[in-house]
Amino acid sequence: EIASCLVGSEMCIRDSSTSDAIADLNFVLATTARTRDMTKPVFTPETAAKEMRGRAQSGASIGVLFGKESSGLDNDDVALADGAITVPLNPEFTSLNLAQAVLLLSYEWFKFEDQTIPYELQMPDDTRPANKQELLWLYHHLEQELDNTGFLMVTEKRPIMIRKIRNMLARAQMTEQEVRIYRGMISVSYTHLRAHETRGNL
(Lines give C-alpha, C1' and ligand atoms only; values in the text may rest on other atoms or scores of the structure.)
Protein backbone atom coordinates (compact mmCIF):
# COMPACT_ATOMS: atom_id res chain seq x y z
CA GLU A 1 0.00 0.00 0.00
CA ILE A 2 1.00 3.62 -0.38
CA ALA A 3 2.12 4.72 3.07
CA SER A 4 2.41 8.44 2.34
CA CYS A 5 2.87 10.98 -0.42
CA LEU A 6 5.23 13.88 0.15
CA VAL A 7 3.35 17.16 0.47
CA GLY A 8 3.52 19.22 -2.73
CA SER A 9 5.32 16.44 -4.59
CA GLU A 10 4.57 13.71 -7.07
CA MET A 11 6.70 11.35 -4.97
CA CYS A 12 5.09 8.63 -2.87
CA ILE A 13 6.57 6.22 -0.36
CA ARG A 14 5.36 2.64 -0.59
CA ASP A 15 5.74 0.13 2.19
CA SER A 16 4.87 -3.29 0.76
CA SER A 17 6.46 -6.29 -0.92
CA THR A 18 8.89 -5.39 -3.68
CA SER A 19 6.84 -7.01 -6.43
CA ASP A 20 3.68 -5.21 -5.27
CA ALA A 21 5.48 -1.88 -4.87
CA ILE A 22 6.86 -1.84 -8.41
CA ALA A 23 3.99 -3.56 -10.23
CA ASP A 24 2.68 -0.39 -11.92
CA LEU A 25 6.10 1.17 -12.60
CA ASN A 26 7.95 1.24 -15.92
CA PHE A 27 11.46 1.97 -14.68
CA VAL A 28 12.97 1.12 -11.30
CA LEU A 29 16.41 1.71 -9.79
CA ALA A 30 17.72 -0.01 -6.68
CA THR A 31 19.98 1.68 -4.15
CA THR A 32 22.98 -0.41 -3.13
CA ALA A 33 26.48 0.17 -1.84
CA ARG A 34 27.73 -3.22 -3.03
CA THR A 35 28.30 -4.89 -6.35
CA ARG A 36 25.88 -7.80 -6.62
CA ASP A 37 27.57 -9.86 -9.33
CA MET A 38 24.85 -8.75 -11.70
CA THR A 39 25.12 -7.08 -15.07
CA LYS A 40 23.28 -3.81 -14.56
CA PRO A 41 23.79 -0.13 -15.36
CA VAL A 42 25.01 1.69 -12.26
CA PHE A 43 24.16 5.38 -11.74
CA THR A 44 25.38 8.02 -9.35
CA PRO A 45 22.55 9.88 -7.58
CA GLU A 46 22.93 12.79 -10.02
CA THR A 47 22.88 10.70 -13.19
CA ALA A 48 20.07 8.57 -11.78
CA ALA A 49 17.94 11.65 -11.19
CA LYS A 50 18.66 12.86 -14.73
CA GLU A 51 17.72 9.47 -16.20
CA MET A 52 14.54 9.23 -14.15
CA ARG A 53 13.53 12.81 -14.95
CA GLY A 54 13.90 12.14 -18.64
CA ARG A 55 11.81 8.99 -18.49
CA ALA A 56 9.16 10.62 -16.29
CA GLN A 57 8.85 13.51 -18.74
CA SER A 58 8.24 10.94 -21.48
CA GLY A 59 5.32 9.53 -19.50
CA ALA A 60 6.99 6.61 -17.73
CA SER A 61 6.24 5.76 -14.10
CA ILE A 62 9.52 5.53 -12.24
CA GLY A 63 10.57 4.43 -8.77
CA VAL A 64 13.54 3.86 -6.45
CA LEU A 65 13.99 0.87 -4.16
CA PHE A 66 15.45 1.50 -0.70
CA GLY A 67 16.32 -1.42 1.52
CA LYS A 68 16.13 -1.91 5.26
CA GLU A 69 18.56 0.22 7.21
CA SER A 70 20.05 -2.84 8.87
CA SER A 71 20.71 -4.96 5.80
CA GLY A 72 19.81 -3.09 2.61
CA LEU A 73 18.08 -4.75 -0.32
CA ASP A 74 18.08 -8.47 -0.98
CA ASN A 75 19.69 -9.67 -4.19
CA ASP A 76 16.24 -10.79 -5.35
CA ASP A 77 15.00 -7.21 -4.95
CA VAL A 78 17.96 -5.77 -6.85
CA ALA A 79 17.38 -8.29 -9.62
CA LEU A 80 13.93 -6.80 -10.25
CA ALA A 81 15.38 -3.31 -10.85
CA ASP A 82 16.43 -1.88 -14.21
CA GLY A 83 19.61 -0.49 -12.73
CA ALA A 84 21.40 0.40 -9.51
CA ILE A 85 22.25 3.64 -7.74
CA THR A 86 25.53 3.76 -5.85
CA VAL A 87 26.75 6.84 -4.00
CA PRO A 88 30.47 7.61 -4.40
CA LEU A 89 31.71 7.47 -0.82
CA ASN A 90 34.84 6.78 1.16
CA PRO A 91 35.56 3.08 0.43
CA GLU A 92 36.05 2.52 4.16
CA PHE A 93 32.58 3.90 4.98
CA THR A 94 30.17 3.09 2.17
CA SER A 95 26.92 2.84 4.11
CA LEU A 96 24.26 5.52 4.45
CA ASN A 97 21.30 5.29 6.76
CA LEU A 98 17.86 5.23 5.16
CA ALA A 99 17.10 8.89 5.87
CA GLN A 100 20.39 9.99 4.30
CA ALA A 101 19.81 7.90 1.19
CA VAL A 102 16.27 9.21 0.71
CA LEU A 103 17.40 12.80 1.29
CA LEU A 104 20.25 12.48 -1.18
CA LEU A 105 18.12 11.03 -3.96
CA SER A 106 15.26 13.45 -3.29
CA TYR A 107 17.64 16.41 -3.45
CA GLU A 108 19.14 15.30 -6.76
CA TRP A 109 15.61 14.88 -8.12
CA PHE A 110 14.67 18.36 -6.88
CA LYS A 111 17.75 20.01 -8.42
CA PHE A 112 16.52 19.44 -11.96
CA GLU A 113 13.56 21.78 -11.40
CA ASP A 114 15.30 24.19 -9.05
CA GLN A 115 15.64 27.71 -10.47
CA THR A 116 17.93 29.03 -7.76
CA ILE A 117 20.71 31.20 -9.20
CA PRO A 118 23.97 29.24 -8.70
CA TYR A 119 25.83 32.35 -7.53
CA GLU A 120 24.54 35.72 -6.44
CA LEU A 121 26.22 38.65 -4.71
CA GLN A 122 23.64 39.89 -2.23
CA MET A 123 23.82 43.42 -0.92
CA PRO A 124 21.66 46.00 0.88
CA ASP A 125 19.20 48.07 -1.15
CA ASP A 126 21.07 51.31 -0.42
CA THR A 127 24.13 50.35 -2.47
CA ARG A 128 25.14 48.64 -5.71
CA PRO A 129 28.24 47.00 -7.21
CA ALA A 130 31.00 49.49 -7.86
CA ASN A 131 31.48 50.23 -11.54
CA LYS A 132 34.88 50.20 -13.22
CA GLN A 133 35.23 53.97 -13.17
CA GLU A 134 34.77 54.05 -9.40
CA LEU A 135 37.31 51.28 -9.02
CA LEU A 136 39.78 53.13 -11.26
CA TRP A 137 39.41 56.24 -9.09
CA LEU A 138 40.15 54.05 -6.07
CA TYR A 139 43.21 52.52 -7.74
CA HIS A 140 44.61 55.91 -8.74
CA HIS A 141 43.90 57.37 -5.29
CA LEU A 142 45.64 54.50 -3.50
CA GLU A 143 48.57 54.43 -5.92
CA GLN A 144 49.10 58.18 -5.52
CA GLU A 145 49.26 57.88 -1.75
CA LEU A 146 51.52 54.82 -1.96
CA ASP A 147 53.84 56.86 -4.19
CA ASN A 148 53.79 59.66 -1.62
CA THR A 149 54.75 57.28 1.18
CA GLY A 150 57.52 55.65 -0.86
CA PHE A 151 55.89 52.23 -0.94
CA LEU A 152 56.26 52.11 -4.74
CA MET A 153 59.69 53.69 -4.82
CA VAL A 154 61.43 50.77 -6.58
CA THR A 155 60.88 51.72 -10.22
CA GLU A 156 61.32 48.29 -11.79
CA LYS A 157 58.90 46.67 -9.33
CA ARG A 158 56.23 49.38 -9.50
CA PRO A 159 54.20 47.97 -12.46
CA ILE A 160 54.11 44.48 -10.93
CA MET A 161 53.08 45.80 -7.51
CA ILE A 162 50.31 47.93 -9.04
CA ARG A 163 48.93 44.95 -10.97
CA LYS A 164 48.93 42.81 -7.84
CA ILE A 165 47.21 45.52 -5.79
CA ARG A 166 44.57 46.11 -8.46
CA ASN A 167 43.95 42.37 -8.85
CA MET A 168 43.59 41.99 -5.07
CA LEU A 169 41.05 44.83 -4.87
CA ALA A 170 39.14 43.59 -7.94
CA ARG A 171 38.63 40.18 -6.29
CA ALA A 172 36.90 41.91 -3.36
CA GLN A 173 33.86 42.73 -5.57
CA MET A 174 33.30 45.96 -3.65
CA THR A 175 30.11 47.97 -3.66
CA GLU A 176 30.22 51.69 -4.45
CA GLN A 177 29.70 52.32 -0.73
CA GLU A 178 32.71 50.18 0.14
CA VAL A 179 34.81 52.05 -2.44
CA ARG A 180 33.89 55.35 -0.77
CA ILE A 181 34.76 53.92 2.65
CA TYR A 182 38.09 52.62 1.35
CA ARG A 183 38.97 55.98 -0.19
CA GLY A 184 38.00 57.71 3.04
CA MET A 185 40.36 55.41 4.93
CA ILE A 186 43.16 56.24 2.51
CA SER A 187 42.57 59.98 2.86
CA VAL A 188 42.39 59.96 6.67
CA SER A 189 45.44 57.70 6.99
CA TYR A 190 47.59 59.86 4.73
CA THR A 191 46.37 63.10 6.33
CA HIS A 192 47.29 61.68 9.75
CA LEU A 193 50.70 60.62 8.44
CA ARG A 194 51.43 64.08 7.03
CA ALA A 195 50.33 65.73 10.27
CA HIS A 196 52.62 63.42 12.23
CA GLU A 197 55.53 64.22 9.91
CA THR A 198 54.83 67.96 10.22
CA ARG A 199 54.88 67.80 14.03
CA GLY A 200 58.09 65.82 13.89
CA ASN A 201 59.77 68.52 11.81
CA LEU A 202 58.86 71.31 14.22
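**Entry 1: strand β3**

I began with the side chains of β3, and found Phe 27, Leu 29 and Thr 31 pointing one way while Val 28 and Ala 30 point the other way. All of them are buried, a word I use for under 20% relative accessible area, with exposed for over 50% and partly exposed in between (1.4 Å probe, protein chains only). The strand covers residues 27–31, and five of its five residues are buried. For strands and helices I follow DSSP runs numbered from the N terminus: E for strands, at least two residues, and H or I for helices, at least four.

A note to keep in mind: this is a predicted model, where local features need pLDDT of at least 70 and side-chain atom pairs count only at pLDDT 80 or more, while totals for chains, interfaces and linings use all residues. Residues are numbered from 1 along each chain as its sequence is written, and side-chain values use heavy atoms, with hydrogens and water left out.

**Entry 2: the sheet around β3**

Next I looked up the partners of β3. I found parallel pairing with β5 (residues 62–65) over four bridges, and parallel pairing with β6 (residues 83–85) over three bridges. Two strands pair here if DSSP finds at least two bridges between them.

I then picked out single residues. Phe 27 stands opposite Ile 62 in β5, and Leu 29 has Val 64 as its bridge partner in that strand. On the β6 side, Ala 30 stands opposite Ala 84.

What is the order of the strands in the open sheet? I read it as β4-β6-β3-β5, four strands with parallel pairing. The edge strands are β4 (42–43) and β5, each pairing on one side only.

**Entry 3: two threonines**

Is Thr 31 buried or exposed? It counts as buried because its relative accessibility is 16%. I see its side chain reaching the backbone oxygen of Leu 65 at 2.8 Å. Not counting residues up to four places away in sequence, Thr 31 touches Val 64, Leu 65, Phe 66, Gly 67, Leu 73 and Ile 85; touching, or contact, means heavy atoms within 4.5 Å.

Thr 18 sits in helix α1 (residues 18–21). At 18% relative accessibility, Thr 18 counts as buried. Its side chain makes a polar contact with the side chain of Asp 77 at 2.7 Å. For a polar contact I need a pair of N or O atoms within 3.5 Å; within protein, one must be able to donate a hydrogen and the other to accept it, and residues adjacent in sequence count only if both atoms are side-chain atoms. Leaving aside neighbours within four places in sequence, Thr 18 is in contact with Leu 65, Asp 77 and Leu 80.

**Entry 4: helix α4**

I turned to α4 (residues 98–111). At its start, a side-chain oxygen of Asn 97 reaches to within 3.2 Å of the backbone nitrogen of Ala 99. The buried residues of α4 are Ala 101, Leu 105, Glu 108 and Trp 109. Why do they line one face of the helix? Seen down the axis, they fall within an arc of 105°, the arc being that of the directions from the helix axis to the C-beta atoms. Exposed Ala 99 and Leu 103 are on the face turned away from the buried side. Among what covers the buried residues I noted α2 (45–57), β5 and β6.

**Entry 5: helix α6**

Which residues of α6 are buried? They are Ile 162, Ile 165 and Leu 169. On the face turned away from them I found the exposed residues Arg 163, Lys 164 and Arg 171. After α6 comes Gln 173, with a positive phi near 50°.

**Entry 6: the cores**

Last, I looked up the largest nonpolar core, which has 13 residues. Such a core is a set of buried Ala, Val, Leu, Ile, Met, Phe, Trp, Tyr and Cys residues joined through side-chain atoms within 4.5 Å. Leu 135, Leu 138, Leu 142, Leu 169, Met 174 and Val 179 touch the most other members. At least two residues each come from α5 (132–149), α6 (158–171) and α7 (176–201), and α5 gives the most, with five. Beyond its neighbours within four places in sequence, Leu 135 is in contact with Ala 130, Met 174 and Val 179. I also found a second, separate core of eight residues, including Phe 43, Met 52, Leu 105 and Trp 109.
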